[in-house]
Amino acid sequence: MNDSTARAPRRLARRALALAGLALAGAGLAACSGGPSATGPSAKGTAGGLSKAMASPLAVVHAAHGGHFVVRATGASFALRGFDYQPLVKVPGQAGRFVNVTFSPSAYDHRSVAAMVATWQTDGYDTCRVFLNPTEIGNPDGTGLSAAYMGNVADFVRTAARHGVRTLVTVGSLPTSGGFGPKGAASFGLYNEDYLEPSFIAAQKQYLTALVAGLRAKGAPLEDVLWELKGEQDWNLSVPPLSWTSGTVTTADGKTYDMASAASRGAMERANLVHWANALTTTLHRLVPGSLVGVGVYPPSVKHKTWTVTPGPLFTSATKTDFVDVHVYPNLGPEAVQMASFDAASTRKPVIMGEFGATRKHPVGAATTALVTWQEQSCHLGGIRISGWLLWNWNSSADAQFWDALSGGVKIAHALAPVNRPD
């Protein structure tokens with residue numbers, strides 16, 4: 001699962017992380033401080049959306065070969081530049097397995113976060129991408145979300161905003177506690193069910209509703225939040241229905257597909273990706289008017305026997321998502337090949353490189369030079385104009401596959417800093 005050479009390097013690591021987290025569901029790293037009170041889906045204020053004052057100050061402009069972000073009030077172009085931030089701890093007794101403790105009540109520290117985002121502001125960075133942990137965000141003793149966990153998420157968003165940094169919240173999988181799981185047995189396997197089962201889509205909408213309500217209740221400035229439905233969307237070939245080679249299935253879009261036909265299987269993936277993305281994006285647009293919603297994807301040029309990706313519809317007007325987040329790494333082949341494999345040259349949406357990074361195969365000095373070159377070359381490559389770059393990652397924590405921004409005495413962070421390289 002953690003073979004970083006087989007596919008997008010962070011994807012397999014996150015799969016291992018997610019599966020480890022699912023195995024730990026219910027155990028937790030520590031009890032929530034103050035008790036796990038709930039922020040439930042039916043909390044006051046979840047319906048009817050938010051005031052216009054909570055709309056993002058950013059808007060998107062569609063343009064040939066990739067749109068861009070602008071400041072809504074002035075129309076000035078705006079690039080997302082920053083980091084992925086995901087502190088990890090090792091899972092005891094499980095080699096290569098980690099748990100995301102970004103907002104864990106047992107690990108989160110406001111003062112450390114405040115100091116960190118202050119350095120970002122000094123260097124001119126404006127965006128941070130974070131990941132919610134499905135095994136900790138749910139209320140373990142009832143329905144809804146953990147108040148302690150949500151308090152930490154809100155504190156991060158609020159603290160970052162004070163320093164001019166927007167938070168890109170990657171939602172990911174359903175909470176493993178808190179009553180968000182669909183009723184009844186699933187017809188399809190792990191991850192595929194998120195896109196193909198109506199009950200799972202309904203559950204994800206309920207989760208988004210609770211998430212927005214929880215952040216509002218904790219005083220998070222939602223105008224400074226961008227949303228990402230999945231860190232990396234893909235399909236699991238090892239479980240139903242994609243593990244089947246015969247028979248027919250009826251999926252969330254209401255259509256029936258023939259699993260013996262490669263063309264029908266591909267059509268199922270693309271149509272249900274559109275259906276899923278539109279259902280969840282519409283939910284967020286209703287709850288947070290003016291919010292910007294995206295999905296993360298890795299290049300189709302990266303092949304793996306267990307996972308596949310068909311991101312094409314995300315780049316088109318068929319989906320209501322506002323932007324697409326592509327993950328392109330130097331160790332996965334030429335940048336032009338990776339970018340071209342998205343087959344997205346006709347897109348008019350903003351496209352960001354929400355993950356790029358350098359493995360520790362080379363010294364940090366050489367890696368720093370390579371990352372700067374990589375960013376420069378990606379400004380307009382494969383027929384796509386890039387409108388933002390987020391380095392994987394700020395601090396590597398337990399996961400040491402890649403050089404992080406702090407490596408070499410903060411060498412990489414300074415080399416990529418917008419104050420040093422504004423254009």
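How many residues line the largest pocket, and which of them lie nearest its centre? Before the answer, note that this is a predicted model. The lining has 19 residues, and Ala79, Ile386, Trp389, Pro422 and Asp423 are the ones nearest the centre. The space in this largest pocket comes to about 410 Å³. E20 supplies the largest share, with four residues. Sorted by class, the lining holds eight nonpolar, six charged and five polar residues.

Now to the loop between E20 and helix H9 (407–416), where Trp394 is found. Is Trp394 buried or exposed? Its relative accessible area is 9%, which is under 20%, so Trp394 counts as buried. Leaving out residues up to four places away in sequence, Trp394 touches Phe83, Asp84, Tyr85, Met116, Thr119 and Trp120, among others. Ala413 is also on that list. Trp394 and Ala413 are 19 residues apart in sequence, and their C-alpha atoms are 8.1 Å apart in space.

The other residue is Thr321, in the loop between strand E16 (307–308) and strand E17 (323–327). Thr321 is buried too, at a relative accessible area of 3%. Beyond its neighbours within four places in sequence, Thr321 has contacts with Ala277, Thr281, Val293, Val295, Leu314 and Lys349. With Lys349 there is a polar contact, side chain to side chain, at 3.0 Å.

Notes. Residues are numbered from 1 along each chain as its sequence is written. This is a predicted model: local features need pLDDT of at least 70, side-chain atom pairs count only at pLDDT 80 or more; totals for chains, interfaces and linings use all residues. Side-chain values use heavy atoms; hydrogens and water are left out. Helices (H or I, at least four residues) and strands (E, at least two) are DSSP runs, numbered from the N terminus. Buried means under 20% relative accessible area, exposed over 50%, partly exposed in between (1.4 Å probe, protein chains only). A polar contact is a pair of N or O atoms within 3.5 Å; within protein, one must be able to donate a hydrogen and the other to accept it, and residues adjacent in sequence count only if both atoms are side-chain atoms. Contact means heavy atoms within 4.5 Å. On a 1 Å grid over the protein atoms alone, a cavity is a set of points where a 1.4 Å probe fits but cannot get out, and a pocket is an open set with protein on both sides within 12 Å along at least five of seven lines; lining residues have an atom within 4 Å of a point. Grid points are joined across faces, edges and corners, and a volume is the space filled by probe spheres set on the points. Ala, Val, Leu, Ile, Met, Phe, Trp, Tyr, Cys and Pro count as nonpolar, Asp, Glu, Lys and Arg as charged, and the others, Gly among them, as polar.
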